[in-house]
Amino acid sequence: MCAQSDCCSGGPTLIFACSGAADVGEISDRAARKLTKDGIGKMFCLAGIGGRISGIMKTTEFAEKILAIDGCPLNCVKNCLEQAGFNKFVHLQLADIGLEKGNSPPNERNIAKVAQKAIEKSN
Amino acid sequence: MKKIQILGTGCPKCKKLAENAQVAARELGIEYSLEKVTKIDEIMKFGVMMTPALAIDGQVKSVGKVVSADEIKKMLT
């Protein structure tokens with residue numbers, strides 16, 4: 001939320017994670033939360049895009065940058081964003097960086113790896 | 001009656017958006033209510049992260065900018 005001093009400045013980087021049920025879903029979720037905590041962007045609700053919630057849709061339209069983190073090759077975040085009309089975003093898929101569904105424990109090392117890769121791809 | 005809500009903490013741009021909304025509603029001659037939502041917790045409930053924002057009948061129509069009275073007229077009709 002912008003304060004009065006920077007009201008109407010450019011929108012933030014929004015981060016959408018699949019937050020899916022599998023291990024890689026948990027990693028995507030926790031990496032997005034880490035990126036938010038570290039000030040890289042703000043995690044935002046993918047379900048709000050799926051549900052076409054007006055405030056979330058309009059905020060996403062205004063985003064400076066969108067980062068999509070998919071846990072597995074089903075690419076639910078990518079598809080969800082595209083079906084909602086958002087085509088310009090940075091996409092990170094965990095299988096592409098060696099994190100295979102079912103064989104990737106959601107530990108600090110893997111979460112940090114995803115967060116680091118997300119930062120690299122965003123820049 | 002149209003329910004117009006201005007979402008913002010009260011900066012000059014928020015006030016300008018409220019003025020524009022009033023001008024738009026008056027020029028259309030419609031019945032309306034105008035509410036300023038200034039508490040961040042309440043603003044966040046709309047899923048809005050940037051202010052000022054404008055909601056009409058509970059639906060967010062614009063975020064992060066001051067839309068003109070003419071643009072608001074289109075949103076109201």
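## Where the two chains meet

In this predicted model, the contact between the chains takes 16 residues from chain A and 19 residues from chain B. On the side of chain A that touches chain B, the largest share, 5 residues, comes from helix 3 of chain A. Sorted by class, that side of chain A has 8 nonpolar, 6 polar and 2 charged residues.

Helix 3 of chain A, residues 54–61, is also largely enclosed by the rest of the structure, because 7 of its 8 residues are buried. The buried residues of this helix are Ser54(A), Gly55(A), Ile56(A), Met57(A), Lys58(A), Thr59(A) and Thr60(A). What covers them includes strand 1, helix 2 (46–50) and strand 3 of chain A, together with strand 4 (59–63) of chain B.

## The sheet of chain A

Chain A has an open sheet in which 4 strands follow the order 2-1-3-4, with parallel pairing. The edge strands are strand 2 (42–43) and strand 4 (90–93) of chain A, each of which pairs on one side only. As a general point, the strands of a sheet pair through backbone hydrogen bonds, either parallel or antiparallel.

Strand 1 of chain A (residues 13–17) pairs with strand 3 of chain A (residues 65–70) over 5 bridges. Within this pairing, Thr13(A) has Lys65(A) as its bridge partner, while the partner of Ala17(A) is Ile69(A). Strand 1 of chain A is also joined to strand 2 of chain A, by 2 bridges, and here Leu14(A) has Lys42(A) as its bridge partner. Strand 1, helix 1 (residues 23–37) and strand 2 of chain A together make a right-handed β-α-β unit.

## A strand covered on both faces

Strand 1 of chain A has 5 of its 5 residues buried, so it is largely enclosed by the rest of the structure. In a regular strand the side chains alternate between the two faces of the sheet. For strand 1 of chain A, Thr13(A), Ile15(A) and Ala17(A) lie on one side and Leu14(A) and Phe16(A) on the other, and both of these faces are covered.

In soluble globular proteins, nonpolar side chains tend to be buried together. The largest nonpolar core of this model has 32 residues, and those with the most contacts inside it are Ile15(A), Phe16(A), Ala17(A), Ala31(A), Ile69(A) and Val77(A). Two or more residues each are given to this core by strand 1, helix 1, helix 2, helix 3, strand 3, helix 4 (76–83) and helix 5 (108–122) of chain A. The largest share, 5 residues, comes from helix 1 of chain A. A second, separate core of 23 residues includes Phe46(B), Val60(B), Val63(B) and Ile72(B).

## Chain B as a whole

The secondary structure of chain B comes to 3 helices and 4 strands, and its elements run β-α-β-α-β-β-α from the N terminus on. Among contacts in chain B between residues at least 6 apart in sequence, 67% join residues at least 24 apart.

The C-alpha atoms of chain B fill a box of roughly 30 × 20 × 15 Å along the principal axes. For 77 residues, a compact globule would have a radius of gyration near 11 Å, and chain B, with 11 Å, agrees with this. Of the 77 residues of chain B, 42% count as buried.

How values were computed
Residues are numbered from 1 along each chain as its sequence is written. Chains are lettered from A and ligands numbered from 1 in the order in which they are written. This is a predicted model: local features need pLDDT of at least 70, side-chain atom pairs count only at pLDDT 80 or more; totals for chains, interfaces and linings use all residues. Two strands pair if DSSP finds at least two bridges between them. A residue is buried if 20 or more other C-beta atoms lie within 10 Å of its own, exposed if 12 or fewer, and partly exposed in between; C-beta atoms are placed from the backbone. Two residues are in contact if their C-beta atoms, placed from the backbone, lie within 7 Å. A crossover is right-handed if, with the strands pointing away from the viewer, the path from the first strand over the helix to the second runs clockwise. Ala, Val, Leu, Ile, Met, Phe, Trp, Tyr, Cys and Pro count as nonpolar, Asp, Glu, Lys and Arg as charged, and the others, Gly among them, as polar. A nonpolar core is a set of buried Ala, Val, Leu, Ile, Met, Phe, Trp, Tyr and Cys residues joined through C-beta atoms within 7 Å. The radius of gyration is taken over C-alpha atoms; the globule rule is 2.2 Å times the number of residues to the power 0.38.
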